[in-house]
Protein chains: 2
Amino acid sequence: MIKSNISQGDPMKVMQTNGQTGHVDFVGAGPGDPELLTLKALTAFQRADVVLHDRLISAEVLQLAGRNARLVDVGKAGFEHSWKQEDIDALLVEYALEGQRVVRLKSGDATLFGRLDEEIDALDAAGIPWSIVPGITAASAAVAGIGQSLTQRGRNSSVRFLTGHDMKGFADHDWTALARAGSVAAIYMGKKSARFIQGRLIMHGADRATPVTVIENASRPDQRILATTLDQLPVDLAAAGFDGPALTFYGLAPRDAAGTATEFNKELA
Amino acid sequence: MIKSNISQGDPMKVMQTNGQTGHVDFVGAGPGDPELLTLKALTAFQRADVVLHDRLISAEVLQLAGRNARLVDVGKAGFEHSWKQEDIDALLVEYALEGQRVVRLKSGDATLFGRLDEEIDALDAAGIPWSIVPGITAASAAVAGIGQSLTQRGRNSSVRFLTGHDMKGFADHDWTALARAGSVAAIYMGKKSARFIQGRLIMHGADRATPVTVIENASRPDQRILATTLDQLPVDLAAAGFDGPALTFYGLAPRDAAGTATEFNKELA
């Protein structure tokens, strides 16, 4: 079956108190540099009445919201507030039913590790229309920051996007495939499980000298790059003391380190 | 080793005829909708003296170039011109050595299936500075267009980006991992190898009923969506007669088809 477009939600079902149609845009905010917003994201963001945003959205991005927009931090980690997913869902529905133009702003691209579906289910159940505005995911900005490609002829013709939180559920053939020479993976939220990932990969035959690069705060002014190996990853990561969001590339070294290793190391001395 | 940034190229090595420093920005143009350019991409594009672009860049995107920019189509497929990679490399170097601000515009994100590295090697050899501006890759726009996520808790905690051109080199454990229930992959340029991919996946145990969605011209006004199954993929794809760039999702159905299948099929009748 083919259709030219997919209708999302059904505006006819929506009963607003003010007679206007509410709408939710799920907007990918990119990795932090406000210049990495898309034009479409900026437009949606600037005309929003309400913006529900994650904790990791940078202040520079939030400053681009329309002057009258109400900003609500629904970050799930924190000491004072701890938002449950169902509370976020309910708030989205509530604002939309009031006829507000709502932007749900998520770090990077909302469709990658964004827990988007639970929020869309809530909107669908309430008959509220929505759309998704793609964003630059952290891996894309991070790989640009080290001058590399996610794929490269003769090295890797595919790349995987993983989250460190879920790799404990991996099957043996997943580890085997990942451990093979030339594999490249972008691991989101991989800091805490670095030692576990290292152990499994080596157990499945990965070369201890495989390059691993960790990029903290990709695209932001305080971006930091740790270039190491699978063997040294846990030790070097602990020494680096990264406390911002970090993206781990398994199988990729920064381009300069690969091409002109001597000069690169000299700069660091 | 940690450093705050990676130096890219060495401006001191560059000898320009006009005394200015040439520079090349590798810019991801996104999948076609000009609104999916990033602000950074637009800035680079509008201040460029010369833009070398691929064949697939949409006319709507090219219209955003600065008024005095020289646009050069270096698309590698075509009847009249057939640019070789080394000719593109040489032209990039030539313009940069003249002191021009060069934009190398690539579809989607330059770091995914973009053959970026060969061009960077040429610039590095000539000592020309460069940078990479991330773009929205086709998979990101396509998945937004079907209202789905690339990853979802309880379904798939990782996603693969592949190219149909290179899947003939896959090892058995790659096929096994891909064939497992719940796998999701975004296959670029997968139309021609659809039957081969189908055969290998079924041979490795994939369920014939696994959803497969092909999105042609993602994000463009003429976007078309084919929702099918692994079993029916080659037949339905041939019947659809897609001739634009297409992205194939293995393991994903459009959201409406999954959630409200009856209504969705009614719309198509």
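This is a predicted model: local features need pLDDT of at least 70, side-chain atom pairs count only at pLDDT 80 or more; totals for chains, interfaces and linings use all residues.
1. Overall content of chain A. The secondary structure of chain A comes to 10 helices and 11 strands. Of the 269 residues in chain A, 51% are buried.

2. Domains of chain A. The domain assignment divides chain A into domain 1, residues 19-133, and domain 2, residues 138-268. The centres of domain 1 and domain 2 of chain A, taken over C-alpha atoms, are separated by 30 Å. Their contact takes 9 residues from domain 1 of chain A and 10 residues from domain 2 of chain A. On the side of domain 1 of chain A that touches domain 2, there are 5 nonpolar, 3 polar and 1 charged residues.

3. The open sheet of chain A. Chain A holds an open sheet of 5 strands in the order β4-β3-β5-β2-β6, with parallel pairing. Its edge strands are β4 (70-73) and β6 (130-133) of chain A, each of which pairs on one side only. From one strand to the next, the twist averages 20°. Within this sheet, strand β3 (residues 50-53) of chain A pairs with β4(A) in the parallel sense over 4 bridges. The bridge partner of H53(A) in β4(A) is D73(A).

4. The open sheet of chain B. In chain B, an open sheet of 5 strands likewise has the order β4-β3-β5-β2-β6 with parallel pairing. The strands β4 (70-73) and β6 (130-133) of chain B each have a single partner strand, so one side of each is left without a neighbour in the sheet. Neighbouring strands of this sheet are turned by 20° against each other on average, direction ignored. Strand β3 (residues 50-53) of chain B pairs with β4(B) in the parallel sense over 4 bridges, and the bridge partner of V50(B) in β4(B) is R70(B). Helix α1 (residues 39-46) of chain B packs on the sheet, where it touches β2 (23-28), β3, β5 (101-106) and β6 of chain B. The direction of this helix makes about 135° with that of β2(B).

5. Strands β7 and β8 of chain A. Strands β7(A) and β8(A) run parallel and are joined by 4 bridges. In this pairing, R160(A) stands opposite A185(A) in β8(A). In a regular strand the side chains alternate between the two faces of the sheet. In strand β8 (residues 185-188) of chain A, A185(A) and I187(A) point one way, whereas A186(A) and Y188(A) point the other way. All four of these residues are buried.

6. The interface between the chains. How many residues of chain A are in contact with chain B? The contact joins 65 residues of chain A to 65 residues of chain B. The largest share of the side of chain A that touches chain B, 6 residues, comes from β7(A). By class, that side of chain A has 29 nonpolar, 22 polar and 14 charged residues. Strand β7(A) is also joined by 5 bridges to strand β7 (residues 158-163) of chain B, and the two strands run antiparallel. Here V159(A) stands opposite F161(B) in β7(B).

7. Relation of the two copies. Two copies of a chain are related by a rotation about an axis and a shift along it. A rotation of 180° with 0.0 Å of shift along its axis superposes chain A on chain B, with an RMSD of 0.0 Å. The two copies are therefore related as by a two-fold rotation axis. The same surface serves both copies, and 100% of the contact residues of chain A recur in chain B.

8. The setting of L150(A). Where does L150(A) lie? L150(A) is placed in the loop between α5 (138-145) and β7 (158-163) of chain A. Why is L150(A) classed as buried? A residue counts as buried if 20 or more other C-beta atoms lie within 10 Å of its own, and L150(A) is buried because it has 28 other C-beta atoms within 10 Å. Not counting residues up to four places away in sequence, L150(A) touches A139(A), V143(A), V159(A) and V184(A), together with T111(B) and L112(B).

Key
Residues are numbered from 1 along each chain as its sequence is written. Chains are lettered from A and ligands numbered from 1 in the order in which they are written. Domain bounds come from an automatic or database domain assignment. Two residues are in contact if their C-beta atoms, placed from the backbone, lie within 7 Å. Ala, Val, Leu, Ile, Met, Phe, Trp, Tyr, Cys and Pro count as nonpolar, Asp, Glu, Lys and Arg as charged, and the others, Gly among them, as polar. A residue is buried if 20 or more other C-beta atoms lie within 10 Å of its own, exposed if 12 or fewer, and partly exposed in between; C-beta atoms are placed from the backbone. Two strands pair if DSSP finds at least two bridges between them. Axes are lines fitted to C-alpha atoms, for helices over the stretch in contact, and angles run from 0 to 180 degrees between N-to-C directions. Copies are superposed by least squares on the C-alpha atoms of residues with pLDDT of at least 70 in both.
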